[in-house]
Structure formats: C-alpha cells, structure tokens
Amino acid sequence: MVTRQFPRPAELLELMQFKKPKLDARKRRLEGALTIYDLRDIAKRRTPKAAFDYTDGAAEGELSLARARQAFEDVEFHPDVLRPAENVDMSTQILGGPSAMPFGIAPTGFTRLMQTEGEVAGAGAAGAAGIPFTLSTLGTTSIEGVKAANPNGRNWFQLYVMRDREISYGLARRAAAAGFDTLQFTVDTPVAGARLRDKRNGFSIPPQLTLGTIINAIPRPWWWYDFLTTPKLEFASLQATGGTVGELLNAAMDPTISYDDLEVIRDIWPGRLVVKGVQNVADAKRLIDAGVDGIILSNHGGRQLDRAPIPFRLLPEVVREVGKDATVMVDTGIMNGADIVASIALGAKFTLIGRAYLYGLMAGGRQGVDRTITILRSEIERTMKLLGVSSIAELEPRHVTQLQRLVPVPVPGAEAAAAAPRSRTTRATTSATASGVAKTDATASRAAKAPAARATGTRAEA
C-alpha cells in the first residue's frame, strides 16, 4: 500500500523551485538556443526573408550544401574507453600563431545586411574567444574597422582578384599594413554562382523596396530600425553598388584568374598565404608543391558550382597525397562541434565556419556570435571527452568512419574493389581503413530530398 498524506508546504518548496524570469529578451532567447540549428530558427524569425535567404541559401538546387551537411552527419565515431579525458585542451597552432580552438570565422560578404553589427561583432567575438577572424573582400566593414574591433587578436583577409587588379593589390597592401597575418586567396569565384533564392526574392544591394518586402518587414521592425539608423554600409572593395549580388560579383570578378595572379599576390603579401577553394587532389598537390602556406578545401559553402565535390569527403585523400605535415583546412557544411572534431581527426589542421557564425549574428548581434562560439566549444569538448582524447593532437583517423551515400568513397590501395559495379540505391558496407575513409551502408538516401526541403526552410539533413 502507498502511504498518502496532505502536501506539506515546506516539503513542496524543497521539491519545486520556480525559475526566475529573465527580463532581457535577447539573452533569454539566446540562452534557449542549444544548437546552431536553434540559432538558425531564431535568425529566420528575426531577419527579413531576402537577407536571411542570402545567408541560408546556396547555388541552383542547393545540392552541394545539403550534401556537405549530410556528409558530416554520416560520421561514425569510435571512442576509446577507460581513457580519462577530464581536462580537454582544444588549442592548436595554425599558420604561425595560436588559436584557442580548431576553428575560425570564415569570410562572409555583405555581412551588415544580415545584422547591423556585422563584422565588428564577428571580429570582437573571435578576439574574445582567441580564434582567428577573416574579413571578406566584399565585407561591409573596412580593414581598419575590423582591426579596431579586434586589435589584439588574429585577423585574416580574404582576397578576390578583381577585374581592376590594382583594387585587389591595394586591399592586400592595406591589410598587411593593418597587421593582418594571413591572406586567403580565393580561387573558386571566376563568376558568380546562380543563387536562385536571391533572384526570386529580388535581393539587391542596396535593398529595393517592393510591396512584398514591406509586408515581410512589418513583423521585423527592429531589423529596419537598425538598418536605417546606423551608418551606411562601407564596402571594402566595391566603389559602386546597385543590382543583385550576382550582377555585382560578375562586374567585379575576373574569369581570367590564373597561377600568374597567385605569383603576383605572393610577391605583394608579406605574411602567410593560403589558397581557398581547392576542390580536387591534383590542384591540392600542385599548390602545396608550389610552396603556398596552406590550402582550404572548400566549395564556397555550395554557393558557386552546385554538385561540386564535398570538401569533407576530399579531406582524407588530399591529406594522404600532400602529406600530414601540409596545412590543409576545410569549410562548408559545419553545423556542430562534432563536425570540427571529425575534420581534425581525418587530417585537417583547422576548420572555418560561415553560416553558423551568421545565424548567431542574425539571432542576436555580438551576443549571438558569442553564443555560436559557446555552442561549438561545448560540442567540441564533449565529443573529445566521449572519444577519450585530451588534446587536438590525439585525434586520429581511427576515431572516425565516413558513411557514404550516393557513390562509394575511394579506399586507398583498393582500386579494384572501387571499380566493382555498385547499385545507386543499395549501398554495400566497406570496412574502415586507417585513413579514416570508410564504409557505406544499405539505407535509402535522404540527400536527394534535401534541396526541396531546404528551399522551404526545413532541415533536409535531419
């Protein structure tokens, strides 16, 4: 028999405690965000559709972005048990300097259109966290403004080769004079990708008001208040604006970019030189052999050539071919600290986040970027502890298996097996190798459904 009694007030107070209400609405909503996807949901509610879609979208059918995110979700970890990892050291050395964590903030264009604090919030948050911040050629804060926002941290500059070469050369010299220590020379944007969301939304610089724009803005007055009451956008490189983002890019970029331009930039730039946008093994080997300080495996966040290679998939083979001592970095599709851990385990020296940072920015300005970094930091730390590793250096390919969907992952040394016929709808299981490249398993692919779902704002990757 259960003995029952009347509730006693003193005991109830011990069993139940009321949570104190938070009056700061921004702090309340950010603390409620437990994942980067939570920040994305907040950003979508608070940002006009055209600006949000510019950030969230990719090129054409958005297959490259969906596949990149799916590739990270298709990871199987292999933890070591009875190996205490009570204190985790996430710090690393990258391109001649320290970083408190194995990721930095990637270059993003037109950032203040997403939220008015823009690069100042990103650079300030990066500096406070002890990680690098990268300013885009198409950034909306000047080189000197970013340096002022992050005076003691590591600032990197991303450079496009413009039709007017002197603009590019001048930007590189300004960044060097301001103390930026690394240049990301971007090579995957000879012309703009077809970003269909922007075309459908009529997204332009500056924003063009239409009836639809006004209706969409009514529930988001804070964005328009910030946009209209803060200083005008200051572009690092564009001397004139007016048109869609694709039109602006095509007017500025030069499709004749070549290795000759790389040599000129190498002569101009006194610091570390990294090539961003590498998408195959042959180019990776050629660039490393040419003496660049590092490469970034990237398909531009899926915003250029749709159906381009997935950087995370390329990683093991590139590292095998160029050597584990070469500085190979990776971006595109990172939405969780576990994605970063998997990349480091498979040989990346560093990773870069773009949309994850921008979702935080749109969700809450500088505090939102801080929240992005906090979420990723906790996910990295928890994943490392559960794997039984205490430092970045302890992560190895054996900790990760890549589960592949659409086509077989090439297994080094097993060319004959890779050449055997395989069904596109049924996936065999291949054992993991020491390179960390691995097994495919027999379930139906979700990747084909991703573009349609992504266009409606749902999580195609889930």
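Predicted model: local features only at pLDDT ≥ 70, side-chain atom pairs only at ≥ 80, totals over all residues.
User: How far apart are Asp226 and Arg112, in sequence and in space?

Analyst: Asp226 and Arg112 are 114 residues apart in sequence, while their C-alpha atoms are 10.0 Å apart in space.

User: Why is Asp226 called partly exposed?

Analyst: The relative accessibility of Asp226 is 24%. Buried means under 20% and exposed means over 50%, with partly exposed in between, and therefore Asp226, at 24%, counts as partly exposed.

User: What makes Leu15 exposed?

Analyst: Leu15, which lies in helix H1 (residues 9–15), has a relative accessible area of 71%. Exposed means over 50%, so Leu15 is called exposed.

User: Which residues form a nonpolar patch with Leu15, and what is their accessible area together?

Analyst: Leu12 and Met16 form a nonpolar patch on the surface with Leu15, and the accessible area of these residues together is about 330 Å². A residue of a patch needs over 30% relative accessible area, and Leu15 has 71%.

User: What makes a space a cavity, and how many cavities of 30 Å³ or more are there?

Analyst: A cavity is a set of points where a 1.4 Å probe fits but cannot get out, and by this rule the count comes to two cavities of 30 Å³ or more. The largest cavity has a volume of about 500 Å³. Of the 35 residues that line the largest cavity, Pro107, Thr108, His300, Arg303 and Gly354 are the closest to its centre. Among the elements that give two or more residues to this lining are helix H4 (49–56), strand S13 (350–353) and helix H17 (355–387), and H17 gives the most, with three residues.

User: What is the volume of the second largest pocket, and which residues are the closest to its centre?

Analyst: The second largest pocket has a volume of about 470 Å³. Of the 20 residues that line this pocket, Lys324, Ile344, Gly347, Lys349 and Leu395 are the closest to its centre. Strand S2 (92–94), helix H15 (311–322) and helix H16 (337–345) each supply at least two residues of the lining of the second largest pocket, and the largest share, three residues, comes from H15.

Note on methods: Residues numbered from 1 in each chain as written. Heavy atoms only, no water. Patch = residues over 30% accessible without salt bridge, like charges linked within 9 Å, V, L, I, M, F, W, Y side chains within 5 Å. Areas by Shrake-Rupley, 256 points an atom, 1.4 Å probe, with all protein chains shown as cover. Salt bridge = Lys/Arg side-chain N within 4 Å of Asp/Glu carboxyl O. Helix = DSSP H or I, 4+ residues; strand = E, 2+ residues; numbered from the N terminus. Buried < 20%, exposed > 50% of the residue type's maximum accessible area, 1.4 Å probe, protein only. 1 Å grid on protein atoms, 1.4 Å probe; cavity = no way out; pocket = protein on both sides within 12 Å on 5 of 7 lines; lining within 4 Å. Points joined across faces, edges and corners; volume = space filled by probe spheres on them.
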